[in-house]
Amino acid sequence: MQPKIRTEMLKEGEIIPLTYDFMFTSIFNKEENIDILEEFVSFYLDIELNEVKGNLKLVSRDLELESKKEAGKKVDLLLDYKGKKINIELSSNMSKGVTERNVVFICRVHGGQLKYGDIHYKKLEQTIQINLLSYKRNKGVVKDSYSLKNEKGELLSDRLIIDVIDMELGSELWYTEPTNKMYSWCKLFMSNNEAELEESRKYIMGRASGEKLDKEVKKLSQEDEMVYLYTKLSREELEKNTLIEEAKEQGAYEKQKEMIIGMYENNIDIDKISAISNISVEEIKNILGL
């Protein structure tokens, strides 16, 4: 008899929040859901929705690699709007390692606009990285924006922007200012129940795309595999790239092996285990003795 994946049920009306990485990528890295992303990009870049529609494209999450050793490095979400690159990253913490990882990601994305041998740097479009944080930074601001400047505050280049969004603070402020679009998007991403998800999208999304998002979130929140991952594996255990490397350096590689074996024993596909853990399929097979 095959073991059952579901070990815990969500409460009635409870949903898995979009801040959960596998939930986020499962919904937003799908061409059929591009209209949901168009709503967000229209708001974030302050561009009319009609201008964004038809001009926003999903780009491969795989980064340009310098060596085979880097295989498996992926961003959470990468979009192209008329040449402008938009990289969205989820984070449950902003440790030094995670911060440096994200800086490497945006530099790879930005430099990836040039083909080998191309020296036309003036043609580079702007690259924006949006870091969505699911914890409070205690800085008192919902959005921090970083760019290349000197000590006098003089801008060196406006082509590389890193934004950090404190969604925990934004979600709190939403209760007193529900019509604030930034706060509403924060609450939408952080919502863990159906009622708040529907309420938070009221002022920021059209009816069709909003109902589609509701349907996608509710459907995935009922899938055995997704519920298992959400209830039994913490975000910290699933943090991609840097946190896994940090765990190895701290002698926690055995814990990662136990996680991989546990997922495999619960019938989770090896490719999905690789995507979640950021460990190559080959190394996972070695761990499992396959």
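K82 comes out at 48% relative accessibility and therefore counts as partly exposed. Buried here means under 20% relative accessible area, exposed means over 50%, and partly exposed is what lies in between, with a 1.4 Å probe and protein chains only. K82 is in the loop between β2 (77-81) and β3 (84-91).

A word on the model. It is predicted, so local features need pLDDT of at least 70 and side-chain atom pairs count only at pLDDT 80 or more, while totals for chains, interfaces and linings use all residues. Residues are numbered from 1 along each chain as its sequence is written, and side-chain values use heavy atoms, with hydrogens and water left out.

N267 is another residue to check for its backbone. Its phi is near 65 degrees, again a positive value in a residue other than glycine. N267 sits in the loop between α12 (253-265) and α13 (270-277), and with a relative accessible area of 38% it is partly exposed.

Now the overall numbers. The protein chain has 14 helices and 6 strands. Of its 290 residues, 48% are buried. The chain exposes about 15,400 Å², and carbon and sulfur atoms supply 49% of that; accessible areas come from the Shrake-Rupley method with a 1.4 Å probe, and for residues only the protein chains shown count as cover. Taking contacts between residues at least 6 apart in sequence, 63% join residues at least 24 apart, where contact means heavy atoms within 4.5 Å.

The main part of this talk is α6. How many of its 10 residues are buried? The count is 9, so to speak a mostly covered helix. Among the buried residues are W185, K187 and F189. At the start of α6, a side-chain oxygen of N180 reaches to within 3.0 Å of the backbone nitrogen of M182. That is a polar contact, a pair of N or O atoms within 3.5 Å; within protein, one must be able to donate a hydrogen and the other to accept it, and residues adjacent in sequence count only if both atoms are side-chain atoms.

Past the end of that helix, S191 is in the loop between α6 (181-190) and α7 (194-200). S191 counts as buried because its relative accessible area is 1%. Its side chain reaches the backbone oxygen of K187 at 2.6 Å. Leaving aside neighbours within four places in sequence, S191 touches I15, P17, E196, L197 and S200.

Next, the aromatic rings. A search of the whole structure finds 12 aromatic pairs. The rings of F24 and F189 have centres 6.3 Å apart and planes at 40 degrees, so this pair is tilted. F24 is in helix α1 (residues 21-28) and F189 in helix α6, so the pair ties together parts 165 residues apart in sequence. F24 is buried at 1% relative accessibility, and F189 is buried at 4%. F189 also pairs with F40: the centres are 5.9 Å apart and the planes at 85 degrees, so that pair is edge-to-face. This pair links distant parts of the chain too, F40 in helix α2 (residues 34-44) and F189 in helix α6, 149 residues apart. F40 is buried at 5%. For the criteria, rings of Phe, Tyr and Trp (its six-membered ring) pair if their centres lie within 6.5 Å; planes under 30 degrees apart are stacked, over 60 edge-to-face, and the rest tilted. Ring pairs join F24, F28, F40, F43, Y44, W185 and F189 into a cluster.

That brings in the helix packing. Two packed helices are described by the angle between their axes and the distance between the axes. At what angle do the axes of α2 and α6 cross? Roughly 145 degrees, and the axes come within 11 Å. Axes are lines fitted to C-alpha atoms, for helices over the stretch in contact, and angles run from 0 to 180 degrees between N-to-C directions. The crossing is left-handed: the near helix is turned anticlockwise from the far one by less than a right angle, whereas clockwise would be right-handed. On the α2 side I36, E39, F40, F43 and Y44 meet K181, M182, W185 and F189 of α6.

Last item, Q222. Q222 lies in the loop between α8 (207-220) and α9 (224-232), and is exposed at 59% relative accessible area. Q222 and I16 are 206 residues apart in sequence, yet 9.0 Å apart in space, C-alpha to C-alpha.

How values were computed:
Helix = DSSP H or I, 4+ residues; strand = E, 2+ residues; numbered from the N terminus.
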